[in-house]
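The items are grouped by topic below.

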Amino acid sequence: MTTSTIVILVAIALYMCGMVGIGIWKSKTNKNTDDFYLGGRRLGPIVTAMSAEASDMSSWLLMGLPGVAMLTGLAEASWTAIGLAIGTYINWLIVAKRIRIYTGKFNAITIPEFFSKRFGDNKNILSLFAALFIIVFFIPYTASGFSACGKLFSSVLGVDYMTAMLICAAVIAIYCILGGFLAASTTDLIQSIVMTIALVFVIGYAEIACTASSGMFGFEGVLDSVKDVPGFMSLTKIFNPETGAADNYSALTIASLLAWGLGYFGMPHVLLRFMAIEDPKKLKTSRRIASVWVVISMTVAIFIGVAGYALVKHGAIPALADTETIIIEIAKLIGEYGYILALVGGVILAGILAATMSTADSQLIAASSGVTQDICKNFFKINLSNKALMWVARISVIAISVIAVFLARDPDSSVFRIVSFAWAGFGAAFGPVVLAALFWKRANNWGALAGMISGAAMVFIWKYLIAPIGGVFAIYELLPAFIVGCIFLVVVSLITGKPSDDVVNGYEEAKAACKE
């Protein structure tokens, strides 16, 4: 092991120890499951904004997005990013304040619990199905994060993939078990800062390296290196790496990628941040911070992918079997220029860890709440003491982590593809229900249940049965699944009985509180 590698390893080790330390620190604030799952609704505006976006972006930001841009050019990466940027802003604008006030009025600490209380589902059937969908979609989502960690250490340090993944999974699980939601949110704030620093370092080095390789300065040098690649810099064509030619990118495909933004309405780990802010009036500040950070970070990530292609073309970096490791390769290259730059390389790699951990911890907390609060306590009516519920919550985190590790055992899995599928699942299953719960008083529990099940089912149906047909059907599954979920929710709500007066009154009271 070289000296630079040791320096990089020390930087990463210090970072991981710091995250566990935060978990130990925040463990003292968890008195009950309300604290463990929602932090007692005590988050400030900055922590709310940055933890929401850090938990949202995951390793997708530093590995998946640059990898897609490097492999196929601007089209897929850019339209996806545009959809996410629009979705981020709209979600903060119309959903954040309402769901904070509504869940406070209904005394709900999880999304499934909110559904049941909002729609008057006394049997908690909505809560059960929502919790099951959270577990089904979050486990592979979490597995993609563990996979990213394994790829990182395996590529940089030559450590066995499974060993590296297990270590990272253990660290994430430990500080979640100890500190719960507040630990996850506090570490997410720090991790968003580390992610930002990593992006700045990488983009700076990429421009310098491209300047040295092409003889043209900075951004101009990068663009000059890729201008002759067919379809690479187009938004209506996509570079096909197998044929070396440009393929057309249809308007329908673009629309389906913009539909990534619809996923935000159903993301439990993002919605929980809205629910946890102390003062709903400060959400405007959070919205501004979050929206600016998302736009800048995704733009930089896409440019890194483009610069990565240029670096490979000029021989600064060897050809990559997996383009999602481009930032890792750049960090390794930086680390070869002395101790100080090796430390910089360590910070960049810690940024990838930060991106992964900031999402995985939130997913573990949300999935654990589904098991403990929504299934055990609300549906099966298992009455346990606060201490016993805390232990069930922590055991759930361990169990979910173990399953995610099992699913992530394949080092060749694509972070981008796994995340896109789970994103579609949440967006289609929960998005229509969340919007109906907040904006349509005629929606009832049967409509919500039908919308949830049909949306989730269509994600699988479209992905594995319809999309393979090709042609106009080869689009991102979130768009058709979201539409189907909305249709079922509206139709079933209208053909079944109206909500009870108590349900309507609860909705009107919460709606009135939003205007105060």
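What volume does the second largest cavity have? Its volume is about 30 Å³. The model is predicted, and a search of the whole structure finds 2 cavities of 30 Å³ or more.

**Largest cavity**

- The largest cavity holds about 50 Å³ of space.
- Its lining consists of Asp56, Met57, Ser58, Trp60, Leu84, Tyr141, Trp260, Tyr264, Val419 and Trp423.
- By class, the lining residues of the largest cavity comprise 8 nonpolar, 1 polar and 1 charged.
- At least two lining residues come from each of α3 (45–72) and α15 (415–439), and α3 gives the most, with 4 residues.

**Second largest cavity**

- The second largest cavity is lined by Ser58, Ser59, Tyr141, Ser144, Gly145, Thr356, Thr359, Ala360 and Gln363.
- Its lining residues divide into 2 nonpolar and 7 polar, with no charged residue.
- α3, α6 (125–157) and α13 (339–379) each contribute at least two residues to the lining of the second largest cavity.
- The most comes from α13, with 4 residues.
- Ser58 and Tyr141 line the largest cavity and also line the second largest cavity.

**Helix α3**

- With 28 residues at 1.5 Å a residue, α3 should span 40 Å, and its end C-alpha atoms are 37 Å apart, which agrees.
- A bend of about 70° occurs in α3 at methionine 57, and Met57 is among the residues lining the largest cavity.
- Of the 28 residues of α3, 25 are buried, so the helix is largely enclosed by the rest of the structure.

**Aromatic contacts**

- The whole structure contains 21 aromatic pairs according to the search.
- In the pair of phenylalanine 426 and phenylalanine 430, the ring centres are 5.9 Å apart and the planes stand at 40°, so the pair is tilted.
- Both of these residues, phenylalanine 426 and phenylalanine 430, belong to helix α15, where they are 4 residues apart, about one turn of the helix.
- An α-helix has 3.6 residues a turn, so residues three or four places apart point the same way.
- Phenylalanine 426 has a relative accessible area of 0% and is buried; phenylalanine 430, at 0% relative accessibility, also counts as buried.
- A cluster linked by ring pairs takes in Phe106, Phe114, Phe115, Phe133, Phe137, Phe138, Phe421, Phe426, Phe430, Phe460 and Tyr464.

Notes
Residues numbered from 1 in each chain as written. Predicted model: local features only at pLDDT ≥ 70, side-chain atom pairs only at ≥ 80, totals over all residues. Heavy atoms only, no water. 1 Å grid on protein atoms, 1.4 Å probe; cavity = no way out; pocket = protein on both sides within 12 Å on 5 of 7 lines; lining within 4 Å. Points joined across faces, edges and corners; volume = space filled by probe spheres on them. Nonpolar A, V, L, I, M, F, W, Y, C, P; charged D, E, K, R; others polar. Expected span 1.5 Å × (residues − 1). Bend = angle between axes of the 7 residues up to and from the residue. Buried < 20%, exposed > 50% of the residue type's maximum accessible area, 1.4 Å probe, protein only. Phe/Tyr/Trp six-rings, centres within 6.5 Å; stacked < 30°, edge-to-face > 60°.
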